[in-house]
Amino acid sequence: HSTPMPWWMERGAVVLGEIAATRPGALLWGDSLVDRVLEMASEARASKESGRATLGIPTGLADLDRTLNGLNPGLYVLGGAPGVGKTSLALQWAMKAAEEVPVVYVTYENSPSNLTLKAIGRLANISPSDVDRGLADLAKLQEGAADFGKIAHRLAFVEGTPDTTTASILGQARQAMARHGARRCLVIVDYLQRMAHASGYRTLRENVSALTLGLRELATRLDSPVLAISSLSRGVNNYTHPTLEALKESGDLEFTADVVLLLGKREDALGKGPRRMVDLEVAKNRFGEAGNKRGLSFHLALGDFREEARE
């Protein structure tokens with residue numbers, strides 16, 4: 001006869017089973033998912049009846065929010081040419097999201113203080129370069145800082161290092177959610193290829209593939225959107241109208257991502273005033289409509305994007 005399992009071991013096995021059932025790849029029976037589906041439907045109806053435009057986290061760009069229904073749990077990739085404004089656009093979305101949920105912005109390109117300056121400058125209508133040169137109106141800058149203070153407690157910056165991993169980001173995101181009692185958050189990685197260098201594989205392509213899978217799992221575990229900024233593949237000679245082919249050499253990025261957004265320059269709009277026109281294309285959308293472009297007016301000095309007025 002086998003010896004009965006002690007109660008504490010039996011209970012421990014149950015707890016471990018419950019934990020395992022929450023992990024990606026776990027066996028999930030249909031009857032265990034019914035309540036969650038009905039809850040999601042109820043949330044969508046309540047959101048609609050309250051007049052809210054999206055169920056997901058809003059970006060602040062009305063046309064894009066209508067197409068995507070806001071930023072929902074999953075992996076989003078924002079690709080584009082160097083200098084087209086990817087960081088400025090991601091920061092703008094982060095500021096909008098922080099009105100509602102905690103945001104964890106992992107930065108490899110700009111320091112946290114520089115991103116904070118960009119955010120305050122955008123709100124104050126002051127160029128960060130004017131601040132650096134001592135030309136800024138300090139009173140206006142203070143006003144921008146006060147406006148930024150309304151969301152600053154929900155916007156956290158993490159300076160990316162070789163030790164930054166998806167596991168460390170997971171812990172920081174959960175910490176941010178716990179601090180605010182939030183059920184979801186927004187994670188931004190700026191940018192993908194820089195973080196991928198630390199993945200430990202032989203080639204950047206393999207590193208990007210591994211990291212992309214890790215970020216998608218991160219989104220699943222957090223039940224939140226994860227936005228990764230990506231450079232275009234080497235050899236791409238058309239920065240005006242980038243396509244999914246521009247991500248071809250970036251591992252399995254185009255296949256793993258739930259949504260791919262591509263930011264392209266408009267050559268005919270360069271050098272005309274403080275703003276230039278760019279196109280934001282929803283190149284892939286696992287959640288719905290894809291293939292459409294929307295024009296954005298980009299103020300280079302302020303890092304501010306606005307949707308092109310429709311006639």
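Visitor: Which residues does Thr67 touch, not counting residues up to four places away in sequence?

Guide: Thr67 touches Val282, Asn285, Glu289, Asn292 and Arg294. Contact means heavy atoms within 4.5 Å. This is a predicted model: local features need pLDDT of at least 70, side-chain atom pairs count only at pLDDT 80 or more, and totals for chains, interfaces and linings use all residues. Residues are numbered from 1 along each chain as its sequence is written, and side-chain values use heavy atoms, with hydrogens and water left out.

Visitor: Why is Thr67 called buried?

Guide: Its relative accessible area is 15%. Buried means under 20%, exposed over 50%, partly exposed in between (1.4 Å probe, protein chains only). So Thr67 counts as buried.

Visitor: What makes the link between the side chains of Thr67 and Arg294 a polar contact?

Guide: The distance is 2.8 Å. A polar contact is a pair of N or O atoms within 3.5 Å; within protein, one must be able to donate a hydrogen and the other to accept it, and residues adjacent in sequence count only if both atoms are side-chain atoms.

Visitor: Why is strand S4 described as largely enclosed?

Guide: Five of the five residues of S4 (residues 186–190) are buried, so the rest of the structure largely encloses it. Strands here are DSSP runs of E, at least two residues, numbered from the N terminus. Leu186, Ile188 and Asp190 point one way, Val187 and Val189 the other.

Visitor: How do you know that S2 and S4 pair?

Guide: Five bridges join S2 (residues 103–107) to S4. Pairing takes at least two bridges found by DSSP, so they pair. The two run parallel.

Definitions and conventions
Helices (H or I, at least four residues) and strands (E, at least two) are DSSP runs, numbered from the N terminus.
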